[in-house]
Amino acid sequence: PHLEAMRRYCSRIEAVKLTKRQSYVNCLQGALTTMPFQCVYYRSQEMRRKIRQLLKGASFDLLHMWPIRVAQYVDCFDSLPAVVDYVDCKTMYHRRALETQRNPIQWFLNFQEWRKMRRYEVETSRRFARCILISEVDKQYLESRGGVSNLAVVPNGIDLSYFKPMPEYPLERDSLAFVGTMDVHWNIDAALFFCRRILPEVRKKVPGAKLY
């Protein structure tokens with residue numbers, strides 16, 4: 001649904017549709033392989049055909065892939081310089097999930113994903129000229145795992161000259177905001193911990209304190 005809006009910023013956009021049915025079949029077929037589920041989920045022969053078709057009709061300076069789930073297609077590009085944007089270290093991601101996950105089925109699935117990703121992430125990194133992460137902590141962790149030396153940190157940042165409080169929206173005193181996606185276990189754990197242990201202490205000093 002967002003392709004038309006994206007055309008304002010791209011000279012060309014090619015979309016490949018992947019049905020959930022095909023993704024689930026991929027996962028069943030990949031259960032006994034060394035590829036993590038989140039990567040085998042995005043396996044698509046149509047994507048490979050599309051890539052090869054594009055390479056026949058144009059020349060490219062650089063291949064930029066995001067995230068690790070699509071890094072499996074790098075072999076379609078031969079000698080083209082390639083960069084992958086990991087955002088964060090997925091091995092660390094699943095290790096942290098094991099520490100906070102209480103559901104035994106979810107814990108087992110995260111364990112399997114962590115076990116596979118430990119190897120896959122290191123092997124994938126060696127296929128790229130550069131791998132990008134947003135945190136020095138993630139970079140050091142991945143380096144220590146497999147001696148990978150082509151990692152670079154591009155941290156998140158905010159342009160404070162552009163993103164600033166708007167006068168028509170007055171600040172709300174004595175209010176706090178927890179800003180974080182709620183589909184990862186550690187953010188859920190952190191929000192619950194804050195509500196149960198920290199917020200009561202805050203309200204002893206600031207009785208009307210609110211948390212969003």
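Is Leu98 buried or exposed? In this predicted model, whose local features need pLDDT of at least 70 and whose side-chain atom pairs count only at pLDDT 80 or more, while totals for chains, interfaces and linings use all residues, Leu98 is buried, with a relative accessible area of 16%. Here buried means under 20% relative accessible area, exposed means over 50%, and partly exposed is in between, with a 1.4 Å probe and protein chains only. Residues are numbered from 1 along each chain as its sequence is written, and side-chain values use heavy atoms, with hydrogens and water left out.

Leu98 belongs to helix 5, residues 90–100; helices (H or I, at least four residues) and strands (E, at least two) are DSSP runs, numbered from the N terminus. If neighbours within four places in sequence are set aside, Leu98 is in contact (heavy atoms within 4.5 Å) with Trp107, Asn110, Phe111 and Trp114.

A search of the whole structure finds six aromatic pairs, where rings of Phe, Tyr and Trp (its six-membered ring) pair if their centres lie within 6.5 Å, and planes under 30 degrees apart count as stacked, over 60 as edge-to-face and the rest as tilted. One of them joins Tyr93 and Trp186, whose ring centres are 4.8 Å apart and whose planes stand at 85 degrees, so this pair is edge-to-face. Because Tyr93 lies in helix 5 and Trp186 in helix 8 (residues 185–205), the pair ties together parts that are 93 residues apart in sequence. The rings of Trp107 and Phe111, by contrast, have centres 5.6 Å apart and planes at 5 degrees, so they are stacked. These two residues are four places apart in helix 6, and therefore about one helical turn separates them.

Trp107 is partly exposed at 35% relative accessibility, and together with Ile105, Phe108 and Leu109 it makes a nonpolar surface patch of about 410 Å². Patches are made of residues with over 30% relative accessible area and no salt bridge, like charges being joined within 9 Å and nonpolar side chains (Val, Leu, Ile, Met, Phe, Trp, Tyr) within 5 Å; the areas come from the Shrake-Rupley method with a 1.4 Å probe, and for residues only the protein chains shown count as cover. Leu109, in helix 6 (residues 104–125), is partly exposed at 40%.

Charged side chains can be followed along the helices too. A salt bridge is a side-chain nitrogen of Lys or Arg within 4 Å of a carboxyl oxygen of Asp or Glu, and by this rule the count comes to 12. In helix 5, Arg95 and Glu99 are four residues apart, about one helical turn, and their side chains meet in a salt bridge with an N to O distance of 2.9 Å. In helix 6, Arg119 and Glu123 are likewise four residues apart, about one turn, and their salt bridge spans 2.8 Å from N to O. Lys204, which is exposed at 63%, forms a salt bridge with Glu201, the closest N and O atoms being 3.2 Å apart.
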